[in-house]
Amino acid sequence: MTTLISHSAAWNALKTHQQALAQVSMRDLFAQDSQRFERFSVEACGLLLDYSKNRLTGETITKLQQLAIEANLPDGIARMFRGEKINHTEQRAALHIALRNRSNRPIMVDGKDVMPEVNAVLAQIRQFSNSVRDGEWRGYTGKPIESIVNIGIGGSDLGPAMVARALKAYHHPRLRRYFVSNVDGTHLAQTLAKVDPETTLFIIASKTFTTQETLLNAHSARQWLIEKLGDEKAVAKHFVAVSTATQKVTEFGIDPANMFAFWDWVGGRYSLWSAIGLPIAVMIGMENFEQLLAGAHELDTHFETAPYDKNLPVLMGLIEVWYSSFFEASTHAVLPYDYALKLFSPYLQQLIMESLGKHVNCEGNPVDYSTCPIIWGAPGNNGQHAFYQLLHQGTHLVPADFIIAVESQHDLPGHQDAVLSNALAQTYALMMGRTADETRHALDSKGLSGELLAQQLPHRVFQGNQPSNTLVYQKLTPQVLGALIALYEHKIFVQGLCWGINPFDQWGVELGKQVANTLLPALQETAGAHKEHDSSTEGLLKYINAHRRHSFDSVT
């Protein structure tokens with residue numbers, strides 16, 4: 001029996017409500033309610049959410065909350081915090097909240113409190129990061145570490161890379177960080193060209209120590225180090241692992257004492273709070289890393305306890321459901337007006353689309369509604385000179401999140417005023433637009449008239465009514481960043497429950513990997529040897545192999 005949420009009373013009430021609101025202008029909503037900002041903004045955990053510039057009313061929020069209740073959001077939140085196996089396709093809990101549980105209250109998985117093990121790994125991270133930062137950890141030739149190279153991919157790269165860059169103002173002055181993820185040899189080669197083998201520490205992040213891209217890069221880095229330092233014993237002084245595969249780590253040459261564990265209830269894209277965050281702790285120090293955890297924990301508590309109409313992740317998640325499923329908005333822009341968050345949008349691409357890019361519900365039934373939008377974006381003000389043209393005058397409905405810091409990490413006279421004025425101007429212009437009459441008046445005031453004015457007029461009109469959330473914080477500290485990341489994590493959870501989908505598995509990642517494993521031998525054999533592939537793939541294999549041989553013959 002089909003049990004899609006779209007068959008519920010709350011869903012159908014929202015469909016009817018959307019039809020009534022479809023032609024309503026936000027400009028009119030603001031004109032009718034001088035208190036709209038006060039009614040549709042919430043502040044918590046160092047973050048202000050202004051969601052007043054959305055195509056919604058108080059009735060919309062009430063109906064969306066009713067949808068959340070019909071989707072069993074209260075029970076879902078409780079089950080996650082209890083450590084139940086809410087990732088049902090993999091029979092795992094989803095306990096990133098335990099990794100930053102600063103209250104240290106017991107969190108049980110299979111009848112066992114996980115907090116002692118979490119705290120033990122945090123203590124190990126503290127000891128190791130302090131030894132590197134203090135210069136006590138020495139390389140093979142006795143020199144202190146100066147370069148940290150993290151080798152991982154996906155969740156073992158995007159989260160730590162984003163946070164490390166965002167908190168660059170907190171880095172140890174002696175240390176430099178690099179993140180290698182792409183299996184294209186250029187990425188690793190360019191990184192190795194910048195570092196000194198005597199003062200470089202590699203962190204290999206792979207739970208099973210079998211991830212193809214990570215292990216290929218790791219073995220190439222290992223070979224480079226041995227060639228430079230002349231001794232295989234150097235590996236133990238320059239490599240550590242974030243993994244659970246003790247035997248494979250040992251065979252690689254890493255001392256098991258320098259292996260940092262994490263658990264199967266830690267999903268890759270939710271793992272920066274675990275030992276996967278080791279490069280963050282080394283760069284910013286354990287005290288700041290714990291502030292990152294504390295900010296996330298504060299948001300966790302807010303999510304668990306705040307009423308839905310004052311709950312940041314619930315509100316943002318429900319608004320996203322409103323646009324994706326009822327307005328059929330296929331895309332969502334994330335626009336940080338804080339240059340420290342340059343990598344935040346790429347990080348969210350994995351966090352959100354790998355979580356919510358699903359076409360069946362938890363019971364395996366195909367859904368009959370739109371789920372995850374395409375996530376994209378770039379820092380302001382750069383985006384204004386690139387894709388904002390589409391936001392203002394294109395044909396797509398593009399909800400957006402504007403993320404604004406009151407203070408920059410590195411303020412220069414006049415710079416932050418320019419950033420803030422542009423951010424606020426964009427949210428205003430996207431919402432208000434500019435009518436034909438307003439445009440005509442503006443052009444007339446510039447001296448345009450007659451045929452020229454008539455010709456220019458349609459090109460200068462802005463439809464407006466483009467929705468946005470605005471998130472504001474004082475300054476990007478580790479604690480604020482922790483809260484911001486946790487906000488989006490829990491927003492995803494809300495959306496997953498409302499859509500009836502599992503946001504914690506990622507089977508869509510697997511098929512391409514499996515096919516790649518069948519193609520790898522074909523690239524090392526005679527073209528045409530594997531006829532089970534389609535004619536396009538066979539043709540491409542033949543072409544590539546022929547040109548690789550030609551290139552090799554030319555070199556030799």
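**Ground rules.** I'm working from a predicted model, where local features need pLDDT of at least 70, side-chain atom pairs count only at pLDDT 80 or more, and totals for chains, interfaces and linings use all residues. Residues are numbered from 1 along each chain as its sequence is written, and side-chain values use heavy atoms, with hydrogens and water left out.

**Cores.** I looked up the nonpolar cores, meaning sets of buried Ala, Val, Leu, Ile, Met, Phe, Trp, Tyr and Cys residues joined through side-chain atoms within 4.5 Å. Buried is under 20% relative accessible area, exposed is over 50% and partly exposed lies in between, with a 1.4 Å probe and protein chains only. The largest core has 123 residues, and Trp265, Phe344, Leu481 and Tyr488 have the most contacts inside it. Helix 21 (residues 478-499) gives the most to this core, 13 residues. Helices here are DSSP runs of H or I, at least four residues, numbered from the N terminus. A second, separate core holds 26 residues, including Ile151, Leu225, Ala234 and Phe239.

I then checked Tyr488. Beyond its neighbours within four places in sequence, Tyr488 has contacts (heavy atoms within 4.5 Å) with several residues, among them Met316, Phe344, Asp401 and Leu471.

**Helix 14 with helix 21.** The axes of helix 14 (residues 286-305) and helix 21 come within 7 Å and cross at roughly 40 degrees. Axes are lines fitted to C-alpha atoms over the stretch in contact, with angles from 0 to 180 degrees between N-to-C directions. The pair is therefore oblique; under 35 degrees would be roughly parallel, over 145 roughly antiparallel, 65 to 115 roughly perpendicular, and the rest is oblique. In helix 14, Leu292, Leu299 and Phe303 are among the residues that meet helix 21, whose side includes Leu481, His490 and Phe493. I get 11 nonpolar, six polar and two charged residues in this contact. Ala, Val, Leu, Ile, Met, Phe, Trp, Tyr, Cys and Pro count as nonpolar, Asp, Glu, Lys and Arg as charged, and the others, Gly among them, as polar.

**Helix 19 with helix 20.** Helix 19 (residues 436-445) and helix 20 (residues 450-460) pack at about 130 degrees, axes 9 Å apart, so I logged them as oblique too. Ala436, Thr439, Arg440, Leu443 and Asp444 meet Leu453, Gln456, Leu457 and Arg460.

**His17.** His17 sits in helix 1 (residues 9-21) and is buried, because its relative accessible area is 7%. Its contacts, leaving aside neighbours within four places in sequence, are Thr57, Glu59, Thr60, Lys63 and Trp322.

Conventions:
Helix = DSSP H or I, 4+ residues; strand = E, 2+ residues; numbered from the N terminus.
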